[in-house]
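Me: I'm new to this structure and would like to know what lies behind the words used for it. Could you take me through them?

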Amino acid sequence: MELHLEDAKLMKSIIDPMIPVGEDLYIEISKDGFRANCKGIANAWSTDAVLRKVLFSKIEVEGTETYYLKLKDFAEFMKTVQNDDKLVISENKDKGALELILSSDQTKMTKKISIRLQTIPDSMKIFDTLAIRKKHTENPNMLTSSSDIQTELFSQAIKAAELGGQEVSLINKPKGLKFEAKETNKSAEAFISYDSEYVDNVVFENKKAGCEAIYKLEYLRHISRIGKVGDTLSLWMLNQGPLILLYSFQENAKSEQVGYIGFAIAPRVKSDS
């Protein structure tokens with residue numbers, strides 16, 4: 001197996017957000033491109049990242065190859081990426097390792113790391129953001145609402161909610177998305193109106209009720225810091241499923257999606273007391 005990515009920064013951009021999620025990295029490589037999965041403790045939150053084949057200058061693989069390794073080793077190496085670096089990923093079967101090489105035409109520098117592969121657990125199942133979204137949103141018995149929100153707006157709402165506690169209640173209604181955090185001696189909230197020019201593609205299938213669930217702010221805080229100014233975060237709220245958030249990569253405003261990084265966050269069960 002050998003994979004050539006002309007812009008190594010793309011790989012860094014999907015691996016960096018996985019660092020707080022878990023310790024192990026699951027990788028899938030095929031003619032369709034590159035996929036990476038990372039799951040947190042008890043699957044409280046999971047990350048799924050995809051770079052499609054159009055982004056690679058070379059993919060040599062038979063069928064689909066899967067790898068399991070320490071996320072830290074992969075991520076620390078990707079932190080050394082410079083602006084014009086290219087990335088080559090290959091498997092060294094003799095060493096039982098995945099080899100990563102960064103090279104720069106400008107500086108003529110080459111960096112290499114060999115990461116020992118681990119046995120893939122029998123319990124390992126691929127987390128596919130788009131498949132999960134499709135499964136839940138096509139279920140007629142589930143309330144579904146979705147929207148595309150510019151990342152700076154989402155980030156501001158999370159910062160405001162953090163002033164009220166460590167958990168946030170997300171309440172999604174036809175007029176907008178409310179962030180509400182409460183503790184014994186304080187509370188804070190933020191509201192993103194769907195009338196805003198920074199919000200698009202709003203879908204709310206049940207006009208009489210809203211989706212409401214409680215999430216840990218540490219997860220949402222991390223996600224809110226990923227995007228750049230002008231980026232869009234797609235958000236799906238479900239009344240019987242995870243909160244799904246998705247950043248898409250596009251070659252230009254009119255092109256098809258060439259990759260994404262998605263998160264699924266399990267809600268905390270709300271007590272009746």
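This is a predicted model: local features need pLDDT of at least 70, side-chain atom pairs count only at pLDDT 80 or more; totals for chains, interfaces and linings use all residues.

Me: Why does S90 count as buried?

Reply: Buried means under 20% relative accessible area, exposed over 50%, and partly exposed in between, with a 1.4 Å probe and protein chains only. S90 has 14% relative accessibility, so S90 counts as buried.

Me: Which residues is S90 in contact with, leaving aside its neighbours within four places in sequence?

Reply: They are M1, E2, A97, L98 and E99; contact means heavy atoms within 4.5 Å. S90 sits in strand β7, and E2 stands opposite S90.

Me: What makes β1 and β7 a pair?

Reply: Two strands (E runs in DSSP of at least two residues, numbered from the N terminus) pair if DSSP finds at least two bridges between them. Four bridges join β1 (residues 2-5) to β7 (residues 86-92), so these antiparallel strands qualify.

Me: Where do β1 and β7 fall in the sheet?

Reply: The open sheet has five strands in the order β5-β1-β7-β8-β9, with antiparallel pairing.

Me: What makes β5 and β9 edge strands?

Reply: β5 (56-60) and β9 (110-116) each pair on one side only.

Technical notes
Residues are numbered from 1 along each chain as its sequence is written. Side-chain values use heavy atoms; hydrogens and water are left out.
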